[in-house]
Amino acid sequence: MLSTEKLNEISCQVRRDIVRMVNMAGSGHPGGSLGSTDLLVTLFFSEMKHNPESWTRDGMGNDIFLLSAGHMSPLFYSVLSRSGYFPVSELASFRKLGSRLQGHPSVEKGLKGVHVASGSLGQGLSVACGAAIAKRMRQENNFVYVLIGDGESEEGQIWEAAMFGAQHKIDNLIAMTDMNGQQIDGPVKSVMDLGDLEAKWRAFGWDTIIVDGHDKEKISAAFLWAKKLRGNGKPKMLLMKTVMGKGVDFMEGTHHWHGKAPDKAQTERALEQLKETLGDF
Amino acid sequence: MNEIFKNSGNKDTRSGFGAGLLEAGRRNPDVVALCADLTGSLKMDAFAAEFPERFFQCGIAEANMIGVSAGLAVSGKIPFAGSFANFLTGRVYDQIRQSIAYSETNVKICASHAGITLGEDGATHQIMEDIGLMRMLPGITVINPCDYNQTKAATIAIAEYKGPVYLRFGRPSVPNFTPENQVFEIGKALKLTEGSDVTIFATGHMVWEALTAAAELERSGISAEVINIHTIKPLDKKAVLESAFKTKAVVCAEEHLIAGGIGELICALLSRERPLPVEIVAVDDRFGQSGTPAELMKYYSLDSNAVINSVKKVLSRKV
C-alpha cells in the first residue's frame with residue numbers, strides 16, 4: 001500500500017502522460033481521463049491484486065480491471081505502463097498506425113492489461129458480470145473491477161447488467177461510475193438527466209457508496225468497504241464524484257475537453273500545472 | 001450410384017442443438033450456457049437441469065447476455081448463448097461486433113428459429129438477414145447445419161473449437177437424414193450426391209429440398225450434384241470450385257435473403273475464378289409473414305420445386 005503522497009506523485013505523472021499523448025496524437029479524450037486519474041491510480045497502485053509480469057488475458061489468479069468507458073484510453077494506457085505492463089516509451093505510439101495503443105482499447109495486437117475491447121459504450125459492465133461469475137465458479141478470491149461513465153449510464157445495457165448482477169448475486173464485482181456530470185453535448189443533466197443515480201442503483205439491488213473521486217484516502221476506504229461486503233450477495237457500485245479535466249485549470253468542469261486535443265500552447269500551459277514526477281515517456 | 005438418403009423421422013434442429021449442448025456439457029466442465037427467457041424453445045432445459053450451476057438465465061435482455069458471455073469466455077469458460085436468431089444478430093449486432101468478434105472471445109452464439117420456417121409469429125421474428133450480418137464480421141465462423149443429427153454433431157464440434165461461432169438452426173420438424181453420431185468437421189463441405197450436369201449448393205433446411213429435387217431430376221435424366229454447405233464461413237472454396245468447374249452450372253439454395261447469403265458468396269468466388277451461370281433459390285428483398293412453415297416455404301419458393309425450376313433455368317443458360 002503506497003502513501004497518499006506517492007499516489008499523488010503518480011497521478012501527477014499520469015496526468016502529464018494523458019495531456020502529452022493526446023497532444024501528440026492530435027486527438028483523443030483528455031477530459032474524462034484526467035477526471036478519473038485519482039481513482040484509477042489508487043486502484044492500480046494501492047488496492048488491486050495484480051501482477052503485470054504474470055498477467056494473462058483470462059485474469060486467472062489476479063483481480064481484473066475492465067474499462068467500459070473505453071474513450072478514457074489515455075488514462076488506462078498510462079496507468080498500465082506506469083504499473084509495468086508494457087514500456088512507458090510505447091505511450092508515444094498512441095493512436096498511431098500499427099500501434100497496440102488503439103484509439104479505444106483492443107485485444108487484437110495483444111496489449112497486456114486489456115481483457116476485452118471497449119469504446120462502444122454500455123458493454124463493459126456485462127462483461128465484468130461474466131468475468132466475476134467465472135471467478136466465483138472457480139472459487140477464486142479475486143475481484144472484478146469495472147469503470148463506467150455517468151453519460152454511459154444512459155445506455156440501456158447498463159441497466160440490463162444491473163438487473164443481472166443483482167439476480168445472480170455477483171458480490172465479487174466492484175463497479176465504479178465516473179460521475180463528472182459531463183458528456184459530449186453538454187452537462188448530463190441537460191442532455192439526459194440521470195436523476196438520482198444512487199437511488200437507481202439501490203433500487204436495482206446494489207450496495208452503493210458516494211465517494212469524492214479525487215480524495216485518495218476516501219477512495220481507498222470505499223474499496224475497503226466494498227471488499228469487506230463480499231459474501232452479502234450484492235454487487236457494489238462506487239459512485240465517484242469527479243471533475244472532468246481535473247488538474248488542468250482550463251479543462252476543469254467543462255464538456256468542451258471531453259474529446260478534444262490541446263494544441264501546443266495549451267499543452268505547455270497544462271504541463272506547467274503538472275509536475276514531472278516519474279520522468280516523461 | 002448415388003447414396004439414397006432416408007428420412008429416419010422428422011425432428012427439429014433445435015432439439016439437435018439441445019442434445020448436443022448436453023453432450024458437450026458432459027464432456028467439458030468449462031461449457032456453460034445462457035439463455036434469454038427462451039430455455040424451452042431452445043431445448044436448453046436438459047442442460048439447465050443437469051448443470052444448474054453452469055446455466056445462467058439472463059431474462060429478456062439479450063445485449064447483456066452477449067456481454068456476460070464475453071466475460072465468461074475471457075475468463076476461460078466456453079459459453080453457449082441461446083435465443084432466437086432475430087434477437088441474437090440484428091438486435092445485438094454491436095455487442096457481438098465489439099465484445100465477441102473484435103475481442104476474439106470464445107463465445108458460441110446459438111440462434112434458433114432462423115429464417116421463414118419460424119412460421120406463424122410472422123416477420124417480426126423471421127430473420128432472413130442473419131447469415132449476411134454474421135458473415136460480415138471478421139473472425140466469426142458461421143455454421144448452418146441441415147438436420148437434427150448434424151446440428152447435434154455441430155454443437156459438440158464447436159465446443160472443441162476455439163473462437164467465436166454463429167450456429168444457426170430452426171424451429172420446425174424436418175427430415176432427419178444424415179448419419180447419427182457423425183463427426184462434424186467445421187469448414188468441410190459435404191458432397192451428398194455425385195452429379196455431372198449441375199451442382200446444387202444448399203445450406204440448412206434447404207439441403208433436404210435439394211436432395212428431393214435431385215432425385216426427381218434424376219428421373220428426368222438430369223444429374224445433379226448436391227453439396228451441403230453447412231459451414232458458410234470459412235467457405236470450403238476448394239470443394240465449391242471443384243464441383244462448379246466440373247458441372248459448369250450452379251444453383252444455390254438457402255432459407256435467407258439473396259442479400260448476404262451463400263448465393264452471393266459463391267457468385268463472388270466464381271466471378272473471381274471462372275464465371276459460370278448461377279441461379280439462387282432464396283428470398284429477394286422482402287420480409288416474411290405468418291403461415292405454417294410448409295406453406296411459407298412454398299409461398300416464398302423455398303422448396304424442391306423451386307430448386308428444380310432453378311436447375312432448369314440454369315441449364316438453359318449453360319454454355
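This is a predicted model: local features need pLDDT of at least 70, side-chain atom pairs count only at pLDDT 80 or more; totals for chains, interfaces and linings use all residues.
Strand β2(B) itself spans residues 31-35 and is mostly covered, since five of its five residues are buried. The cover extends to both faces of the strand, with Val31(B), Ala33(B) and Cys35(B) buried on one side and Val32(B) and Leu34(B) buried on the other.

Chain B is divided into domain 1, covering residues 11-174, and domain 2, covering residues 190-317. The C-alpha centres of these two domains of chain B lie 25 Å apart, and their contact takes 27 residues from domain 1 and 28 residues from domain 2. On the side of domain 1 of chain B that touches domain 2, the elements that give two or more residues are α5 (130-135), β6 (141-143) and α6 (148-160) of chain B. Of these, α5(B) gives the most, with four residues. Sorted by class, this side of domain 1 of chain B has 13 nonpolar, 10 polar and four charged residues.

Glu185(B) is found in the loop between β8 (173-174) and β9 (190-193) of chain B. Because 14 C-beta neighbours lie inside 10 Å, Glu185(B) counts as partly exposed. The C-alpha atom of Glu185(B) is separated by 9.5 Å from that of His230(B), although the two residues are 45 residues apart along the chain.

The contact between the two chains takes 23 residues from chain B and 27 residues from chain A. Two elements of chain B, α3 (62-74) and α4 (93-102), are those that give two or more residues to the side that touches chain A. The largest share of this side of chain B comes from α3(B), which provides nine residues. By class, the side of chain B that touches chain A has nine nonpolar, 11 polar and three charged residues.

The largest nonpolar core has 186 residues, and those with the most contacts inside it are Ala128(A), Ile200(B) and Ala210(B). At least three residues of this core come from each of domain 1 and domain 2 of chain B. When residues up to four places away in sequence are not counted, Ala128(A) touches Leu66(A), Val144(A), Val146(A), Leu173(A) and Ala175(A), and it also touches Gly71(B).

Terms used:
Residues are numbered from 1 along each chain as its sequence is written. Chains are lettered from A and ligands numbered from 1 in the order in which they are written. A residue is buried if 20 or more other C-beta atoms lie within 10 Å of its own, exposed if 12 or fewer, and partly exposed in between; C-beta atoms are placed from the backbone. Two residues are in contact if their C-beta atoms, placed from the backbone, lie within 7 Å. Ala, Val, Leu, Ile, Met, Phe, Trp, Tyr, Cys and Pro count as nonpolar, Asp, Glu, Lys and Arg as charged, and the others, Gly among them, as polar. A nonpolar core is a set of buried Ala, Val, Leu, Ile, Met, Phe, Trp, Tyr and Cys residues joined through C-beta atoms within 7 Å. Domain bounds come from an automatic or database domain assignment.
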